[in-house]
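Keep the viewer open as you read.

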Amino acid sequence: MTNRKIEALQEAAAHKAKEAAERVEKALERMIKQGQVISFKSVAQTANVSTAYLYKQEDLRSRIEALRDQQKQRPKSKQAPLASDNSKSVIISTLREENKKLRAEIEGLRRVNEGLAGRVYHLQGADDLAQRFKVENAELKKQLNECRSQTPSAPPKDDPKVTSIDKKRSKKTGGSDSVKSELDALKIKMNATLSKLIEQVPEETVLKAINTLKEALSTTKVRNPAGFLAEAIRNTWIPNEGYEEKAELDIFNEWFSLARSQRLVIASTKIEGVQQVCTPDGEWIPFEEMVAQYPLESLKLKKVD
């Protein structure tokens, strides 16, 4: 073999050794960066060299051994075990339940917020509402005074202007229209005894006796309503205290329940003794105005439809 060929072979061997060394260096850098386990076998596979080559290269051998020892000295990180299918199902179910509770809590808070918003609106408009009531009250008083001035007052019993003809007319009528209306509502037929009693006492006494009968009918069964009423008129019976207020409250409760079911109102309260109801728009309106616009009978008909 000539010297030229020997030199060529030496150069090729040197070049090959250089490439192998570069591959090992790059492999080590990549493995360190990625946190891979460093050993002679893993480095040889990554760099595409033989383990014998690594052992022969003292520099590479020392470096690999040093890196391997450093990794062994580091505490091993505990990796959480992979969740099984059953544990995943439990976790999903738990999260769904918590989500459901949170949604319910959010809904409850939303309703509380709506109620507070309505209350704040009510408080903000209380002054304006009070002023409005004062104006309306003054107007109603004015109208009442005008009606009183236009209605002739009834002459006293001992007034000589009351003729026998007037008395006969009064006896024939059997009471005022208010009394007749109440008797018709109770389905009580006028008889001679009842008619005579009604003519002998003031209308207020008769109406109180009728209210006493109504109260009795609401709590027990009255076999003879006409006889009960006659006895109540004779003895000037009056209903228990608070009966009229209770009757009015029963009417309001029935009306409010129907109106709320038909989304006409959402709340109620009393302001300066006046019953108020709140519409879905947040406007507070006196109950008397609302019941005039939406009578109880019309709400009952809508409920039946």
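Predicted model: local features only at pLDDT ≥ 70, side-chain atom pairs only at ≥ 80, totals over all residues.

The chain has 14 helices and three strands. Of its 305 residues, 22% count as buried. If you take the contacts with a separation of 6 or more, 55% of them come from residues 24 or more positions apart.

Back to α10, then. Which of its residues are buried? They are Thr 205, Val 206, Ala 209, Ile 210, Asn 211, Thr 212, Leu 213, Glu 215 and Ala 216. Pick out Thr 212, which belongs to this helix, spanning residues 203-219. Its relative accessibility is 10%, and because buried means under 20%, Thr 212 counts as buried. A polar atom of the Thr 212 side chain lies 2.8 Å from the backbone oxygen of Lys 208. Setting aside neighbours within four places in sequence, Thr 212 is in contact with Phe 228, Trp 237, Ile 238 and Pro 239.

Next comes the nonpolar packing. In soluble globular proteins, nonpolar side chains tend to be buried together. The largest nonpolar core here has 17 residues, and the members touching the most others are Leu 183, Ile 188, Leu 194, Ile 198, Leu 229 and Ile 233. Two or more residues of this core come from each of α8 (177-185), α9 (192-200), α10 and α11 (225-234). Click on Leu 229 to see some of this: leaving out residues up to four places away in sequence, Leu 229 touches Leu 183, Ile 188, Leu 194, Ala 209, Ile 210 and Leu 213. There's also a second, separate core of 16 residues, including Val 43, Val 49, Tyr 53 and Leu 60.

On to the aromatic rings. How many aromatic pairs does a search of the whole structure find? It turns up five. In one of these, the ring centres of Trp 255 and Phe 287 are 5.2 Å apart and the planes meet at 75°, so the pair is edge-to-face. Trp 255 lies in helix α12 (residues 243-261) and Phe 287 in helix α13 (residues 287-293), so this pair ties together parts that are 32 residues apart in sequence. Both Trp 255 and Phe 287 are buried. Together with Phe 252 and Phe 256, Trp 255 and Phe 287 form one aromatic cluster.

Asn 48 isn't a glycine, yet has a positive phi of about 60°. You'll find Asn 48 in the loop between α2 (40-47) and α3 (51-56). Is Asn 48 buried or exposed? With a relative accessible area of 63%, Asn 48 is exposed. Thr 236, also not a glycine, has a positive phi of about 50°. Thr 236 sits in the loop between α11 and α12, and is partly exposed, with a relative accessible area of 49%.

Definitions and conventions
Residues numbered from 1 in each chain as written. Heavy atoms only, no water. Helix = DSSP H or I, 4+ residues; strand = E, 2+ residues; numbered from the N terminus. Buried < 20%, exposed > 50% of the residue type's maximum accessible area, 1.4 Å probe, protein only. Polar contact = N/O pair within 3.5 Å; in protein donor to acceptor, adjacent residues only side chain to side chain. Contact = heavy atoms within 4.5 Å. Core = buried A, V, L, I, M, F, W, Y, C linked by side-chain atoms within 4.5 Å. Phe/Tyr/Trp six-rings, centres within 6.5 Å; stacked < 30°, edge-to-face > 60°.
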